[in-house]
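Dear colleague,

I am handing over a structure that you have not worked with before. Please look through it with the notes below at hand.

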Amino acid sequence: MRHLVSIADLDAKDIVAILDHGDRYWSLADEPIKKLTSLRGRTVMIVMFESSTRTRTSFELAAKRLSAEAINISGSSSSTTKGETLLDTGRNLQAMHPDAIVVRHAFGGAAAMLAKTAKCAVINAGDGQHEHPTQALLDAATIRRHRGNLEGLEVAIVGDISHSRVARSNILCLSKLGARIRLVAPWTLLPRGIELIGGDLTRERVRLCPRLEDGLDGADVVMMLRVQHERFEGEAPRFPNTRELSRTFGLSERTLAYAKPDAIVMHPGPINRGVEVSPQVADGPRAVILQQVSWGVAIRMAVLERLIVGEPA
Ligand code: NCD
């Protein structure tokens, strides 16, 4: 593994190896001194052309906890606003010899484009509607922590599937680990053919559910997604208004009751409180939303370490 662009490039064995690697770093957060040395002297550039809170911070922390230098560059303050192309920006960053470039961009394919010519590791931190592989890995780690194993689990992914890179990476990642997936949304937010993105595997494991109650019925995991309003520009309206969508597809204590009594509630963040998830559920005992954030640091440590120096002995 030289880059991490897409979950499609990983098989189940690779994914489990990354999750096991991440497990080593889960408890580091409880130590008074949260510092290891395996990336001492290494440089990680974190380049965000789209807004980010969790992903940026956790990549930076992950790099620093392994003693790498972490440098943050945001799109709005970079020279792309002066007309520089993504590839030229990439070439210039490469000229400073980083060991890894973490990149988020609105263009699906941005990370793959950089990886093609890069001499260092390229990690996709979200490319348009395409993929967000480290999010899926940290989600799988969170589920594994609560259920031990993903084999046979019923996972409902609910909301704006159309515009969600988190959904696409999770469909691939969770189905490779043996879960079954229900994609729950009005037809207008369920892209045609989405169940085929992983070929025969996902054709078998993914079910489309245009009714929330059916989608949640007996689910072990409920993963809620935000409506990605920023990606709707120029599109015909997909639903009458957000309030109606919230009423028919929002997760509340009432609708969560359709899922298994011990179902966990996930969300990649940022949550829109009272829209896709009620405050009672978001702050309730079934929510593992903040644990996902904690796993984000451990998994990103594992990914950076594997790509830069390999797996520790
Ligand atoms: C997600 C993203 O950026 O794709 N957030 C994240 O990385 N945790 C989801 C979103 O923005 O809704």
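**The ligand and its surroundings**

The residues around the ligand are Arg-54, Thr-55, Arg-104, His-132, Gln-135, Arg-165, Val-166, Arg-226, Gln-228, Pro-268, Gly-269 and Pro-270, where a residue is taken as near a molecule if one of its heavy atoms lies within 4 Å of it. Please keep in mind that this is a predicted model, in which local features need pLDDT of at least 70 and side-chain atom pairs count only at pLDDT 80 or more, while totals for chains, interfaces and linings use all residues. Residues are numbered from 1 along each chain as its sequence is written, and side-chain values use heavy atoms, with hydrogens and water left out.

Helix H2 (54–65) and helix H6 (165–176) each contribute at least two residues to this shell; helices (H or I, at least four residues) and strands (E, at least two) are DSSP runs numbered from the N terminus. An N or O atom in the side chain of Arg-104 is 2.9 Å from an oxygen atom of the ligand, and for the side chain of Arg-226 the corresponding distance to a ligand oxygen is 2.7 Å. A nitrogen atom of the ligand, in turn, is 3.0 Å from a polar backbone atom of Gly-269. Taken alone, the ligand exposes 320 Å², of which the protein buries 94% (Shrake-Rupley method, 1.4 Å probe).

The peptide bond that runs from Gly-269 to Pro-270 is cis, with omega near -5°, and Pro-270 belongs to the loop between strand E9 (264–266) and helix H11 (279–282). For context, most peptide bonds are trans, and most residues other than glycine have a negative phi.

**Aromatic pairs**

How many aromatic pairs does a search of the whole structure find? The search finds 2, counting rings of Phe, Tyr and Trp (its six-membered ring) whose centres lie within 6.5 Å, with planes under 30 degrees apart called stacked, over 60 edge-to-face and the rest tilted. The rings of Trp-26 and Trp-295 are stacked, because their centres are 4.3 Å apart and their planes stand at 15°. Since Trp-26 lies in helix H1 (residues 12–26) and Trp-295 in helix H12 (residues 289–308), the pair ties together parts that are 269 residues apart in sequence. Trp-26 and Trp-295 are both buried, a word used here for under 20% relative accessible area, with exposed meaning over 50% and partly exposed in between (1.4 Å probe, protein chains only). The rings of Phe-232 and Phe-239 have centres 6.0 Å apart and planes at 80°, so this pair is edge-to-face, and both residues are buried as well.

**Other residues to look at**

Thr-134 is located in helix H5 (residues 133–147) and, at 0% relative accessibility, counts as buried. The side chains of Thr-134 and Arg-300 are joined by a polar contact of 3.1 Å, that is, a pair of N or O atoms within 3.5 Å, of which, within protein, one must be able to donate a hydrogen and the other to accept it, and residues adjacent in sequence count only if both atoms are side-chain atoms.

Ser-67, in the loop between H2 and strand E2 (69–74), has a positive phi of about 70° although it is not a glycine, and its 16% relative accessibility makes Ser-67 buried. His-97 also has a positive phi, near 55°, but at 65% relative accessibility His-97 counts as exposed.
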